[in-house]
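This report covers how the chains meet, how they are related, and how one chain is built. Have the sequence and the coordinates open while reading.

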Number of protein chains: 2
Amino acid sequence: MEKKKLHTIELNNIRVKDEFWNKYVSLVTKEIIPYQWKALHDQVEDAEPSHCITNFEVAAGLKEGTFEGFVFQDTDLAKWLEAVAYSLSYEKNEELEKMADGAIELIGRAQEENGYLDTYFTILEPGKQFCNLKEGHELYTAGHMIEAAVAYYKVTGKDAYLNIMRKTADLICEVFHTEKYKNAVPGHEEIELALVKLYEVTGEEKYLNMAKDFVERRGTEPNYLVEESSQEWYVDVWHDPGMYQPAYGQAHLPVREQTTAEGHAVRAVYLYCAMADLAFAYQDKSLFDACERLYQNIVEKRMYITGGIGSNYAESCASIGLALFCRRMAQITRDAKYIETMERALMNTVLAGIAMDGKSFFYVNPLEVWPDACMEKTSMEHVKPVRQKWFGCACCPPNIARTLASLGEYICFTGEDSLWINLLAGADIQTSIRGKNVTFHMESKMPWEGAVKIRVSAEEGAEGNLCIRLPEYAVNPVFTIDGKNVVPRVEKGYALFHETWQNQVITLTFAIKAHFVYANPNVRADAGKAAVVKGPLVYCLEEADNGKNLSGIFLDTAAGLKENYRKDLLKGAAEITARGKRVVKKDWDGESLYRLTPVELEETEVKFVPYCHWGNRKTGEMAVWVKTLM
Amino acid sequence: MEKKKLHTIELNNIRVKDEFWNKYVSLVTKEIIPYQWKALHDQVEDAEPSHCITNFEVAAGLKEGTFEGFVFQDTDLAKWLEAVAYSLSYEKNEELEKMADGAIELIGRAQEENGYLDTYFTILEPGKQFCNLKEGHELYTAGHMIEAAVAYYKVTGKDAYLNIMRKTADLICEVFHTEKYKNAVPGHEEIELALVKLYEVTGEEKYLNMAKDFVERRGTEPNYLVEESSQEWYVDVWHDPGMYQPAYGQAHLPVREQTTAEGHAVRAVYLYCAMADLAFAYQDKSLFDACERLYQNIVEKRMYITGGIGSNYAESCASIGLALFCRRMAQITRDAKYIETMERALMNTVLAGIAMDGKSFFYVNPLEVWPDACMEKTSMEHVKPVRQKWFGCACCPPNIARTLASLGEYICFTGEDSLWINLLAGADIQTSIRGKNVTFHMESKMPWEGAVKIRVSAEEGAEGNLCIRLPEYAVNPVFTIDGKNVVPRVEKGYALFHETWQNQVITLTFAIKAHFVYANPNVRADAGKAAVVKGPLVYCLEEADNGKNLSGIFLDTAAGLKENYRKDLLKGAAEITARGKRVVKKDWDGESLYRLTPVELEETEVKFVPYCHWGNRKTGEMAVWVKTLM
């Protein structure tokens, strides 16, 4: 951990101009935000209703009715507002800002006199606030509201929303230091990282302290989350079957003693974000060590090759949380290994969570889909073979929206007289070095080619560092400055250039060939299988290219891979072709379940497409891990 | 369907003397019945309590307390009494009979004035009888009680239990012909087949009619099981989430229109048993055709190679039900194809459900087990890597007990002046042909060798048929009578011998070599895998013989199989050895999840043991379907 941390760039200082990323980022303002506004107002046809805006109107006394939807439904609006804030930082949009201001006014009206804000409890359980921290999600909801308020304030300078949320935060700081709540922690983490953000923007230390107290209390005895449900004031929110396992909410051990990532994956990574924030804020070595251990456990034992986490599930939100955790770890360590994981999560699972038209979403991101299985089996009803227009439990769509809207914060960091490039994506980046304006125009052919060019234009006297991440997957990297080869010092995955910036041109080229990756056979489901990877991208097979029954395909890994960039494929993508064999189908169709003669194989060509783009053609099978000839 | 059906043999006319079967059958009286009596009295240490006897005592007013356990807990005692009845038919046992008589007296005391009998409702919901047919299980419970009462009456001649259950059956016949219940059907079938048995022993036609009405009503509109829960008198038994799918209880279509086996597997096969009974009783062609269609759908689309049915689950009880359905179909068609399936279910899944000491049980019979996965994941808590001493939901253990206790009923049928041998198992069988006593002493080396010898001793004038099933897996079968080769007529899988029986010796020999079976690759989970089968037995790999990570083993199916009968293995069994390759372990232990170099393989010997005997050594991995070299 460094003494000074790197900062996320202010979003008005970066403009994403990248062919790959703009397949998605360009949709945010034009498609995603308006679409989700309609969803929050229950105006999307054939989609599950959100009830979100209606709940606020009922809580504000503007409408008759009751609360509907999940207990954390308010957060859909919060995440939408956060996405709007980021979007406005790129581009002014009066109409959008007016919509947001209206929503903020509605939130203010739904707030109770004492600062309490949560439409579920205001409508359904008045007077019963904070009587089920385990699943009531009030602190989680407050956390998302605070994040949105901070973002909106930073972009627009308007403090109405921030003041609403300060009032809520003040109430929380008061309530959760009373005798009754002295051991209390939220069942779903999120408030902790939000309070750190609120502290950073207001300078009010009690918010930071409250975050620290929540983190330090977690997993200590008496265990509040376990004991709460036997109190007479406890409110049953989700028909509690009385089987709460503290590890589900990372409350099995004090956080400093935790060595493995356990429980609900989104809760876990949101907690780890706050732990990283606090470790830095208090220069707390043992808390940092816990973060580092948990990170290692995730990447070594808990993470799918797609950057998905959470067994059986790989929820889009969990990968967003993982990216946020990795970003914080990189900020406080200047170690690009975290960016490698962040990039993997963002470019595979998070992007797979949204369709290429921005209007449908995955909640769950499996590595293999056979539509018949998830359509017929009710035990798999979370797993969908096609993206959905909306979810009753719609945490993921607006979470993806705010992530794409703030992509710039992932692309680069700023340090003292330095710029740190994380994602090798096309972007115009403005920063200040020694008080001088410097612009870095970055062009990139990633992820299809390892070719990055950065043109600098600077005011005179801008002496400082440009630190360019050199990805682990970059083979034979070559840097040039103004056409001359240079060999920069590389520290923890960043190539360091110290220059007096004028109008240099820096290039980075490297090989980024598609290759096979072989699964550790101790992972029972993948033993004997291989996946195809090209740089940060994981590839997959789709029925659209390979026909039915991907389980009957065996790759000939010795025959290598061919790549072919196709403009007409999924808005431009490299298709990868392998050789292999597949089961001769005609023998078996409609036949019995087994037979005495072996399966016959025939030669076949096998086509892979990027996992992040899967499911954008027609419904069908998909597989990341594929059998190999043995 | 034949005009006359074959009959199950009276159990006092058959004595099982078979090395393979007696590994289990010999335990029934000595171990299983006393053990389960203790379990019903909550006297097995470290086992989940049954509460069963206590519930009867409370309902009878003999004890203070309340009902505990599942709503169908009474059936544990019913199945135990049925097993006792069968056991007594083999061998008198005064002490056991006294225990049974005592239990029957207790049942009588727990019965209500009007004949109603179900301790859950008597204790917890008095006056609310038959107010939740969907999940209340009252008719299911009555069915098992009736089956037990019929068995006990037939063996002991005592009618106390039978009279108790006639009173209950009379009540059911009355109630379920009132206006309120005119469309009513049980949510869990069982009463239908039981009422047929009660009709057969009493000659009272209203029982048969009631069974027919229940079967005919199922799946017709208005759908009672769907509409029930909106009635004001409805009692919520299992915190109904209001998502009942009629197909779960086979109530999606009238039974004659059903073409696929749907829903809860035990419910399904118990229904099909009754359908077969009624099809014969009423010589009802269209009902029989439905049975035949459903049977074909099960064996072609729904059944695991082990004879397990029910997706995700392969519950022991479901395979017992399948065996009962097959037995009935064989009785009314004289077609041995059903026996082939019955044998598969009994010799694999049903036997796997019980440990070789008779004291622990599987509820779920998976085809692959990796203990870490089912011990860590709560979503798989039904799946256990080791047999359990008892279950809170203990339908399976006593169901296995009654099945083993009545094995004779599966071994052979009697017809008009004929004996039909189904299972080629060692047994002494007494029967009457043309009024003359005939004894068939059958010796068998099955399933290890295809060698059966039947010595006949008969009173003079016993002219009739001996019909010996010629299994589909018998290769190069040869029959002899008194040492001379004969080629009998074979009809629907039975070899027919018409003789005047004296003291002939008949032999049947055939090859029954172990071989590979190849999975249809459209079964996604098994594509490219093979299993090993020897006659009726399915084999499996165990960690005890093959070490950890069975997923890393690839069979060389071209190298064939070796067999070796070992007396010291699992109380005597043929071990089967294959050649193959397996992942070189040392490279991977403790390493990362994937790598760039392919998996390395080394030559290995692979050992298979019978699936029915798995899990009798130490806890470990198990697999039926194994990858093959491609």
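## The contact between the chains

The contact draws 37 residues from chain A and 37 residues from chain B. The model is predicted.

E15(A) gives the largest share, with 4 residues. By class, this side of chain A holds 19 nonpolar, 12 polar and 6 charged residues.

## Strand pairing across the contact

Strands also pair from chain to chain. E21(A) pairs with strand E15 (residues 515–519) of chain B. The sense is antiparallel, and the pairing runs over 2 bridges. Within E15(B), B:Tyr518 is the residue that stands opposite A:Arg595.

## A mixed sheet in chain A

Chain A contains an open sheet of 6 strands. Its order is E1-E4-E5-E9-E13-E12, and the pairing is mixed. Strand E1 (7–8) and strand E12 (489–491) of chain A stand at the edges. Each has a single partner strand, so one side of each is left without a neighbour in the sheet.

Two strands of this sheet, E5 and E9 of chain A, pair in the parallel sense over 4 bridges. Strand E5 covers residues 418–421 of chain A, and strand E9 covers residues 462–469 of chain A. A:Ser418 has A:Asn465 in E9(A) as its bridge partner.

## Domains of chain A

Chain A is divided into domain 1 (7–367 + 396–412), domain 2 (416–511) and domain 3 (515–628). How far apart do the C-alpha centres of domain 2 and domain 3 of chain A lie? The distance between these centres is 37 Å.

Domain 2 and domain 3 of chain A also touch. The contact takes 5 residues from domain 2 of chain A and 6 residues from domain 3 of chain A. The side of domain 2 of chain A that touches domain 3 of chain A has 5 nonpolar residues, with no polar and no charged residues.

Terms used: Residues numbered from 1 in each chain as written. Chains lettered and ligands numbered in written order. Predicted model: local features only at pLDDT ≥ 70, side-chain atom pairs only at ≥ 80, totals over all residues. Contact = placed C-beta atoms within 7 Å. Nonpolar A, V, L, I, M, F, W, Y, C, P; charged D, E, K, R; others polar. Pairing = 2+ DSSP bridges. Domains from an automatic or database assignment.
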